[in-house]
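Please examine the sequence and the structure shown below. The questions that follow are intended for careful reading alongside them.

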Amino acid sequence: AVVLAEPLCCPSGAAAAQQSPGADGDETSSKVCGFCGVGGVSPDAAGTEVPESGGLSCSDLFGYVQTLEDGAEECDAVVLAEPLCCPGAVAAQQPAQDNF
């Protein structure tokens with residue numbers, strides 16, 4: 001879980017995580033991890049510690065995911081904290097129910 005903070009704490013690790021082979025600096029070919037989507041972290045949850053994250057808060061995780069590509073294993077793990085950190089995330093994950 002502490003590895004999640006590596007890009008925040010270790011500049012060489014963060015630089016390596018942001019490099020894409022053969023991209024030649026073109027960042028448009030990959031998408032950033034979609035943690036909390038466009039709404040960002042809920043202000044009420046910003047300082048909330050995420051369980052099993054090594055003491056990281058929702059805001060810490062939001063900063064960290066900016067270094068990850070969508071679909072990366074680490075991104076998939078962090079996205080599990082969306083119901084705790086993101087406004088509307090729980091509603092978005094619930095399947096629509098038919099009222100018949």
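Q: What percentage of the 100 residues in the protein chain is made up of buried residues?
A: This is a predicted model in which local features need pLDDT of at least 70, side-chain atom pairs count only at pLDDT 80 or more, and totals for chains, interfaces and linings use all residues. Residues are numbered from 1 along each chain as its sequence is written, and side-chain values use heavy atoms, with hydrogens and water left out. Buried means under 20% relative accessible area, exposed over 50%, and partly exposed in between (1.4 Å probe, protein chains only). Of the 100 residues in the protein chain, the buried share is 30%.

Q: Which element of the protein chain has the lowest mean pLDDT?
A: The pLDDT is the predictor's confidence in each residue, from 0 to 100, and the protein chain averages 73. Helices (H or I, at least four residues) and strands (E, at least two) are DSSP runs, numbered from the N terminus; the chain has 6 helices and 0 strands. Helix α5 (residues 82-85) has the highest mean, 93. The lowest mean, 44, belongs to α2.

Q: How many residues apart are Cys 33 and Cys 75?
A: A disulfide is a pair of cysteine sulfur atoms within 2.5 Å, and Cys 33 and Cys 75 form one with their sulfur atoms 1.9 Å apart. Cys 33 lies in the loop between α2 and α3, whereas Cys 75 lies in helix α4. This pair links distant parts of the chain, and the separation is 42 residues.

Q: Is the link of Cys 36 and Cys 86 right-handed or left-handed?
A: A disulfide joins Cys 36 to Cys 86, with a sulfur-to-sulfur distance of 1.8 Å. Both Cys 36 and Cys 86 are buried. The angle about the S-S bond is -70 degrees, and the link is left-handed.

Q: Is Cys 58 buried or exposed?
A: Cys 58 in helix α3 is joined to Cys 85 in helix α5, with a sulfur-to-sulfur distance of 2.0 Å. The relative accessible area of Cys 58 is 0%, so this residue is classed as buried.

Q: Is Glu 52 buried or exposed?
A: Glu 52 lies in the loop between α2 and α3. Its phi is near 60 degrees, a positive value in a residue other than glycine. Because its relative accessibility is 78%, Glu 52 counts as exposed.

Q: What distance separates the side chain of Thr 67 from the backbone oxygen of Tyr 64?
A: Thr 67 is found in the loop between α3 and α4. Its relative accessible area is 12%, and therefore Thr 67 is buried. The side chain of Thr 67 reaches the backbone oxygen of Tyr 64 at 2.7 Å.

Conventions:
Polar contact = N/O pair within 3.5 Å; in protein donor to acceptor, adjacent residues only side chain to side chain.
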